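Let's take a tour of this protein together. Keep the 3D view open and follow along as we go.

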Amino acid sequence: MRNHTLDGLFRRTVPRRPFRRTGLVLVAGLAVSLSACTGQGASGSGSDDADSNGKVTLTFWNGLTGGDRKTVDKLIGEFNDSQKKVKVKSVPMPWDVFYQKLLTSVSSGSGPDVVAMDAGQMPKYADKGVLQPLDDFYSSKKHMDTSKLVPAAVDSSKYDGKNYGVPLNMATLMLFWNKTMFKEAGLDPEKPPKTWGELASMTPKLSKDTDDDGKVDQYALALADSQTVPMYPILIWQGGSDLVSKDGKKATLDDPKTLKTLKYWVKQVRSEHVSPVGLTGAKADKLFQTEKAAMEIVGPWATVPFTEAGVKYGVTRPFKGPEGQQTFSSVTSFGVSTKASSQKKDAAYRFFSFWNSKESQVKFSEGTGFPPDRSDIGAEELKANPYAGKFGAPDVLDSARPHLPGQVNGPTITDQIFYPALQRALDGKDDVESVFKKADQQVQAQLDKQK
């Protein structure tokens, strides 16, 4: 998924997981329309939502179109066959299309009943009245014992004191390295770089002109700088800073540590050719999959396509920076539209509980490489997929963190400010310090809107 998310986890496609996003325009009258939808969903009996046989059909929009699609469809089919009261109709689409359509479709009453989205996006859509709070799913054991869910996965969909999501999957980003390319470069195929310095020392052996045309066409690392899961933010964390302060109130793109990190990586890309410029998440995936890049920082959704492509790779924690070895942790969550009646909401809870059952989570992890979002599933139960346990290993989870959690304007900060600034620096159109000082002011304006 990517989140992929996660294009695909998340994106994710990503899918590159739920992490490919685009700007959205709020249509006139949306607040009135959504209020009407919310009122019907909350107070209506929902009697018209079942067919003559008493079965409720849930329209489920998602961006799960990547390597995890086969397993997702299989589990939905198993749920539909397991009982006669609820049918889930999956409507997969690219993540950017999903986010473009969601607001306007719900405002017109024609949107989905259930959605899957990056939990980091939920504050934005909850704030606009697109999603219903789902706290009653957790306050009762009617459908499942939610204490078995990983707390971080549950908490990721909280906004303004309420929870708007139920975990669909969780993912951490890991370093994938091509063992064949390492061996051909004279490097130990079992020893990927553990630090920024080790990566820099390996780059001359891995980034090279293979056809003698004077241009680098094979790279040490596929490092996406747009339409992707947060790769560069990971590097900024490892350098001891972030895009915003911990309390979410102050922009920190002009912080000395942020600028030092960005100057280092812009030099690595522009001068040392560690990675090409202008990679989207999908292009970065393709570069690694076609063995044009020896490494990539990506999520578990990539294990299936990379394995099917015959790449001989290993998976480990991302290399360590001067101030840490952090990585990104993403969660894709189920949400329920405000247009969904109480009957459809109850039907959705049946589906969420099936999805998060121990049996389903084992199947999902083994089929996709994602770690389970339950705390009672050990690595010994995931033997069918050797990578699933790696992404959920304790040391990985301890060093993982979300990107701009709880920020209503997080997508705007990332996609419309940070990435364009980064691309200008990588293209050499502006020096790092000037472009990010300007971006810092733009980020601060977004933060001030939430005060």
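## Glu-359 and its partners

Glu-359 is exposed, with a relative accessible area of 55%. This is a predicted model, so keep that in mind as you look around. Glu-359 pairs up with Lys-363 in a salt bridge, and their closest N and O atoms are 3.4 Å apart. Both residues sit in helix H14, 4 residues apart, which is about one turn of the helix. Lys-363 is partly exposed, at 31% relative accessible area.

## Bridges across the chain

The structure holds 17 salt bridges. Take Lys-179 and Glu-190, whose closest N and O atoms are 3.2 Å apart. Lys-179 lies in helix H7 and Glu-190 in the loop between H7 and helix H8, so this pair ties together parts that are 11 residues apart in sequence.

Another salt bridge joins Glu-381 and Lys-358 (3.6 Å, N to O). It links distant parts of the chain: Lys-358 is in helix H14, while Glu-381 is in the loop between H14 and helix H15, 23 residues apart. Glu-381 is partly exposed at 29%, and Lys-358 is partly exposed at 34%.

## The largest pocket

The largest pocket has a volume of about 440 Å³. It is lined by 29 residues, and those closest to its centre are Ser-156, Ser-329, Ser-330, Pro-402 and His-403.

What classes of residue make up the lining of the largest pocket? There are 15 nonpolar, 9 polar and 5 charged residues. Strand S11 gives the largest share of the lining, with 4 residues.

Notes
Residues are numbered from 1 along each chain as its sequence is written. This is a predicted model: local features need pLDDT of at least 70, side-chain atom pairs count only at pLDDT 80 or more; totals for chains, interfaces and linings use all residues. Side-chain values use heavy atoms; hydrogens and water are left out. On a 1 Å grid over the protein atoms alone, a cavity is a set of points where a 1.4 Å probe fits but cannot get out, and a pocket is an open set with protein on both sides within 12 Å along at least five of seven lines; lining residues have an atom within 4 Å of a point. Grid points are joined across faces, edges and corners, and a volume is the space filled by probe spheres set on the points. Helices (H or I, at least four residues) and strands (E, at least two) are DSSP runs, numbered from the N terminus. Ala, Val, Leu, Ile, Met, Phe, Trp, Tyr, Cys and Pro count as nonpolar, Asp, Glu, Lys and Arg as charged, and the others, Gly among them, as polar. A salt bridge is a side-chain nitrogen of Lys or Arg within 4 Å of a carboxyl oxygen of Asp or Glu. Buried means under 20% relative accessible area, exposed over 50%, partly exposed in between (1.4 Å probe, protein chains only).
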